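Follow the pockets of this model, then the strands.

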Amino acid sequence: MASRQQIKRRIGSVKNTKQITKAMQLVAASKLRHAQEAVVRPREYAALAREILTRLRQMATDDTEYHLFSERPVKKRLIIAITSDLGLAGAYDANVLRTLVTQAQGDRAKGVKTGVVAIGRKAAQTASRIAGLEIEAVYTKMPDKPSADELRPILSSVVGLFAAGDVDQVDIIFTKFISSISQEVQLQRLLPAGFEESELNDELAHADVEPSPEALLRAAALRLLESQIYQAFLEAIASEQSMRMLAMKNATDNATDLIDDLTLEYNNARQAAITQELAEITGGAEAMK
């Protein structure tokens with residue numbers, strides 16, 4: 001049985017840990033409020049952008065010079081995986097990485113090579129341990145609300161690999177924010193651009209396009225693809241902060257329970273010591289009679 005001094009030290013250690021997890025919980029809650037506001041506003045724009053890309057793909061012809069809409073046999077697929085740098089967010093990273101591993105295994109079974117653009121330190125660490133997975137690029141320390149300049153290198157490298165024929169398909173894995181207690185891992189097609197299952201509304205489907213389709217393809221495609229990556233980032237960040245807040249709350253609650261248990265153990269040990277001392281005093285008094 002641990003001594004009272006050992007128990008006391010453990011209580012102090014757990015209290016210090018509780019202070020840290022409580023502070024992290026409050027920070028995550030504050031960041032979540034801002035991330036939640038940021039993720040909702042551009043959702044409609046991102047959905048419309050995907051519809052427009054679908055319409056542009058329908059307009060593209062086989063002799064179109066702009067190849068981002070060209071579907072071809074998939075010999076190598078590129079996956080963009082968005083995770084965190086810090087961890088400590090419950091199952092946030094594990095869910096994304098599990099999907100990444102499953103997709104890589106599925107590609108291998110079909111004889112398709114898999115490359116990855118790892119966003120976040122956790123994705124980079126896991127990708128380096130998956131046999132046969134080629135790491136094309138790693139991005140860490142991304143801001144909570146990235147600017148176009150910060151996203152452009154990611155988009156440029158991805159588009160460059162696809163346009164050069166080095167990869168034949170690009171997907172992105174991220175965690176969609178549904179609510180503060182619900183998030184869902186998503187696998188979304190990025191390239192070839194414009195492959196959506198949903199039907200376009202009649203107004204968009206029958207719209208005349210000015211200027212020429214070729215000019216519109218060149219001018220719009222990159223901007224619309226950028227919006228898809230941007231929205232995925234916002235969803236991922238909101239989900240990360242939500243899951244970190246819940247994870248730190250659970251850690252704080254567990255620390256409270258452990259402190260209560262250790263305090264009870266300390267009090268029992270203290271009471272046992274007092275009882276032992278009283279027994280020894282009583283025994284000594286009886287011996288003196």
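The largest pocket has a volume of about 410 Å³. A pocket here is an open set of points on a 1 Å grid over the protein atoms alone, where a 1.4 Å probe fits, with protein on both sides within 12 Å along at least five of seven lines. Its volume is the space filled by probe spheres set on the points, which are joined across faces, edges and corners. This is a predicted model: local features need pLDDT of at least 70, side-chain atom pairs count only at pLDDT 80 or more, and totals for chains, interfaces and linings use all residues. Residues are numbered from 1 along each chain as its sequence is written, and side-chain values use heavy atoms, without hydrogens and water.

The largest pocket is lined by 25 residues, lining meaning an atom within 4 Å of a point. Asp85, Leu86, Met142, Asp144 and Glu240 lie nearest its centre. Helix 7 gives the most to this lining, with 6 residues. Helices (H or I, at least four residues) and strands (E, at least two) are DSSP runs, numbered from the N terminus.

The second largest pocket holds about 260 Å³ of space. Of its 13 lining residues, Phe174, Lys176, Gln188, Gln231 and Glu235 are the closest to its centre.

Now the strands. Strand 2 (residues 113-119) is largely enclosed by the rest of the structure, because 6 of its 7 residues are buried (under 20% relative accessible area, 1.4 Å probe, protein chains only). Strand 1 (residues 76-82) runs parallel to strand 2, joined by 7 bridges. Arg77 stands opposite Thr114 in strand 2. Strand 2 also pairs with strand 3 (residues 133-139), in the parallel sense over 6 bridges; pairing takes at least two DSSP bridges.

Terms used
Buried < 20%, exposed > 50% of the residue type's maximum accessible area, 1.4 Å probe, protein only.
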